[in-house]
Amino acid sequence: MSSTRDLDLVVVGATGFTGRQCADYLAQHAPESLRWGLAGRSEGKLLAVRDALGPAHADRPVVVVDTLDGDAVDALAARSRVVLTTVGPYARFGSLLFAACARHGADYLDITGETPWVREMIDAHHETARRTGARMVPLSGFDSIPSDLGVWMVADHARRHLDQGLVDVTSVFKAKGGFNGGTAASALGMMDREAIRRLAHPFLLSPDPKAVSDDVAARSQDPRGPRYEPRLDAWLAPFFMGPINSRVVRRSAALLAARGQGYGDGFAYREWMWGGRGLAGRATALAATATIGTVFGLGQKPWGRRLFERVVPDPGEGPSEAEMDGGFFRCDLLARTEGGVALRGRIHGDGDPGNRCTVRMLCESALAFATQGDALPAQEGGVWTPASALGGVLLERLRAAGMQWEVAAAD
């Protein structure tokens, strides 16, 4: 990467709902020596965001850039070491910036959940990024760091303490939070029939989606209905983000296996959502399953998507400060090793998962690239995942940032 770059880190989309939160986070947590800047379409709005950061940031660089302007994103990627972008939907606004970063060797992070688009970016730009040294890490927010890094954490524990791989991991999420306009727009963009068809492939993001045994493929199918989980004494429903997160975990497993750090030859992974205990929990799990099916069914119809567009937040809008502060998420990871040992992981984050927690995870990932780049597991370019690119470095940063990440033998 060129030593003449004048920006160590740039936030693209800094005037949007999530981008403003990222700017505020970096203002509070980035080292004073870090040369970071703000980028977006409107100079006036960028200057307003900078002013809101306080006098200490009065000279913070601002860059006017439209992500649909190929020359502009090319120039930005050429002068930046690390590019963090919150401009979605990424299938509409992200492709030129992704390509520019791959071409110019700039490390890249985003918070997309649009896995069909990510597959397109892998196919189009992985080899270019390998040649230039650009480390590309999409899906670096609540989609899909808790799932991806959580499984890595459990696998690392099993390897170091038991010298064993994993047979399977079941993740169970419980969360309270809201949607912002950007997240809603990205979700709506994936609801057409073709996107849902592609999203349904369990190994969509894997380097070789066909290189999977029949047994692993069978144990990797997305849940279709509620189930009782005796290890938690609770009823579970399919997690609506499972078809996104699980593809990332499986790509990590394959990429890490190529380094000799795989999770296990027969490793399988699935995700669920907490329903509750007893009859009330069963009823909740049944209702959640029905709701998810209805939403996806309506989303495949043009009139259904138009209906959703009328009720979700507009781009730039989102939950109130109080709502974001009052949110949380918890993820329990139930694992079984090749030797039959039961392990239990736990992740907990305070604050709205899609906003407060996403911003914390995205910004700490970007700061890891900007300040600890030489210590990261991924030293070569390519389209990586959070676990395969950042691993234990990010895990320790998130613990230091106030999130709970732990794993131990199950009771």
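What share of the contacts in the protein chain with a separation of 6 or more comes from residues 24 or more positions apart? The figure is 78%. Please keep in mind that this is a predicted model.

Let me start with the chain as a whole. It carries 16 helices and 14 strands. The radius of gyration is 20 Å, close to the 22 Å that the globule rule gives for 411 residues, so the chain is as compact as a globular protein of that length. Along the principal axes, the C-alpha trace spans about 55 × 50 × 35 Å. Of the 411 residues, 54% count as buried. The accessible surface comes to about 17100 Å², and carbon and sulfur atoms hold 51% of that. On charge, there are 46 positive and 48 negative, and their mean positions lie 4 Å apart.

Next, the sheet. Seven strands make up an open sheet, and the order is E3-E2-E1-E4-E5-E6-E13, with parallel pairing. The edges are taken by E3, residues 62–64, and E13, residues 382–383; each has a single partner strand, so one side of each is left without a neighbour in the sheet. Inside that order, E4, residues 80–85, pairs with E5, residues 107–110, in the parallel sense over four bridges. If you want a residue to look at there, Val83 stands opposite Tyr108 in E5.

One joins Gly88 and Pro89, with omega at about -5°. Pro89 sits in the loop between E4 and helix H4, which covers 90–93. Another cis bond runs from Asp143 to Ser144, with omega near 5°. Ser144 belongs to the loop between strand E6, 135–137, and helix H7, 145–162.

Then there is positive phi outside glycine. Asp163 has phi near 55°, and its place is the loop between H7 and strand E7, 166–176. Is Asp163 buried or exposed? Its relative accessible area is 69%, over the 50% cut-off, so Asp163 is exposed. Asp233 also has a positive phi, near 50°. That residue lies in the loop between strand E8, 227–229, and strand E9, 234–238. At 41% relative accessibility, Asp233 counts as partly exposed.

Notes. Residues numbered from 1 in each chain as written. Predicted model: local features only at pLDDT ≥ 70, side-chain atom pairs only at ≥ 80, totals over all residues. Heavy atoms only, no water. Pairing = 2+ DSSP bridges. Helix = DSSP H or I, 4+ residues; strand = E, 2+ residues; numbered from the N terminus. Rg over C-alpha atoms; globule rule 2.2 N^0.38 Å. Buried < 20%, exposed > 50% of the residue type's maximum accessible area, 1.4 Å probe, protein only. Contact = heavy atoms within 4.5 Å. Areas by Shrake-Rupley, 256 points an atom, 1.4 Å probe, with all protein chains shown as cover. Lys, Arg positive; Asp, Glu negative; His and termini not counted. Charge placed at Lys NZ, Arg CZ, Asp CG, Glu CD.
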